[in-house]
Amino acid sequence: QVKLVESGGGSVQAGWSLRLSCAASGYSYSRNCMGWFRQAPGKEREGVAAIYRPSGSQYYVDSVKGRFTISLDNAKNTVYLQMNSLAPEDTAMYYCAAASFCPSFSGEKLWVGAFNYWGQGTQVTVSS
């Protein structure tokens, strides 16, 4: 089994930055693919960023390209999401997720169903 624990959320003003952390434990093969998703009230869960650990390949949804960066610290079994220039539309519950294999990074959306393990979420609120 894989356990994922997110931290780092909070309430900030537009233009500020936050860094989310996801501490992972469990069988490493089951978390070869690490992703960050978000879900705002009344909206579907959206893939924000993902990274394939063996190759370092990364995915970003268009709305965060140039502002968000996903990274790994393999020694700490932790994946980060650095979020800069935050905007009110970034307000959501952010979830860390893991899978053995990454879904295709070439589509418009990151396939939620590919991820087997989920954290409990951390809230990010951005005020204007």
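Me: Hi! What kind of contact do the side chains of E46 and R38 make?
Reply: They meet in a salt bridge, at 2.8 Å from N to O. Keep in mind that this is a predicted model.

Me: Good to know. How exposed or buried are those two?
Reply: E46 is partly exposed, with a relative accessible area of 28%. R38 counts as buried because its relative accessibility is 7%, and the cut-off for buried is under 20%.

Me: Which other salt bridge does R38 make, and with what partner?
Reply: The side chain of R38 also meets that of D90, at 2.9 Å from N to O. This pair links distant parts of the chain, with R38 in strand β4 and D90 in the loop between β8 and β9, 52 residues apart. D90 is buried, as is R38.

Me: How many salt bridges does the structure hold?
Reply: Five. One of them joins the side chains of K109 and E44, at 2.8 Å from N to O.

Me: Where do K109 and E44 sit?
Reply: K109 is in the loop between β9 and β10, and E44 is in the loop between β4 and β5, so the pair ties together parts 65 residues apart in sequence. K109 counts as exposed at 59% relative accessibility, and E44 is exposed too, at 53%.

Me: And which residues are joined into one network?
Reply: R38, E46, R67 and D90, through salt bridges that share partners.

Me: Switching to pockets: what volume does the largest one have?
Reply: About 270 Å³. It is lined by 17 residues, and the closest to its centre are R38, E44, R45, E46 and G47. Strands β4 and β5 each give two or more residues to that lining.

Me: What's the lining like by class?
Reply: The pocket lining has eight charged, six nonpolar and three polar residues.

Me: How many cavities of 30 Å³ or more are there?
Reply: One. The largest cavity has a volume of about 60 Å³, and the residues lining it include M34, R53, L72 and V79. Strands β7 and β8 each give two or more residues to this lining. By class, the cavity lining has four nonpolar, three polar and three charged residues.

Me: Last topic, the largest nonpolar core. Which residues have the most contacts inside it?
Reply: L4, M34, L81, M83 and Y94, in a core of 38 residues. Strand β9 gives the most to this core, with six residues.

Me: What does Y94 touch?
Reply: Leaving aside residues up to four places away in sequence, Y94 touches a set that includes L20, F37, R38, F68, L81, M83 and V124.

Technical notes:
Residues are numbered from 1 along each chain as its sequence is written. This is a predicted model: local features need pLDDT of at least 70, side-chain atom pairs count only at pLDDT 80 or more; totals for chains, interfaces and linings use all residues. Side-chain values use heavy atoms; hydrogens and water are left out. On a 1 Å grid over the protein atoms alone, a cavity is a set of points where a 1.4 Å probe fits but cannot get out, and a pocket is an open set with protein on both sides within 12 Å along at least five of seven lines; lining residues have an atom within 4 Å of a point. Grid points are joined across faces, edges and corners, and a volume is the space filled by probe spheres set on the points. Helices (H or I, at least four residues) and strands (E, at least two) are DSSP runs, numbered from the N terminus. Ala, Val, Leu, Ile, Met, Phe, Trp, Tyr, Cys and Pro count as nonpolar, Asp, Glu, Lys and Arg as charged, and the others, Gly among them, as polar. A nonpolar core is a set of buried Ala, Val, Leu, Ile, Met, Phe, Trp, Tyr and Cys residues joined through side-chain atoms within 4.5 Å. Buried means under 20% relative accessible area, exposed over 50%, partly exposed in between (1.4 Å probe, protein chains only). Contact means heavy atoms within 4.5 Å. A salt bridge is a side-chain nitrogen of Lys or Arg within 4 Å of a carboxyl oxygen of Asp or Glu.
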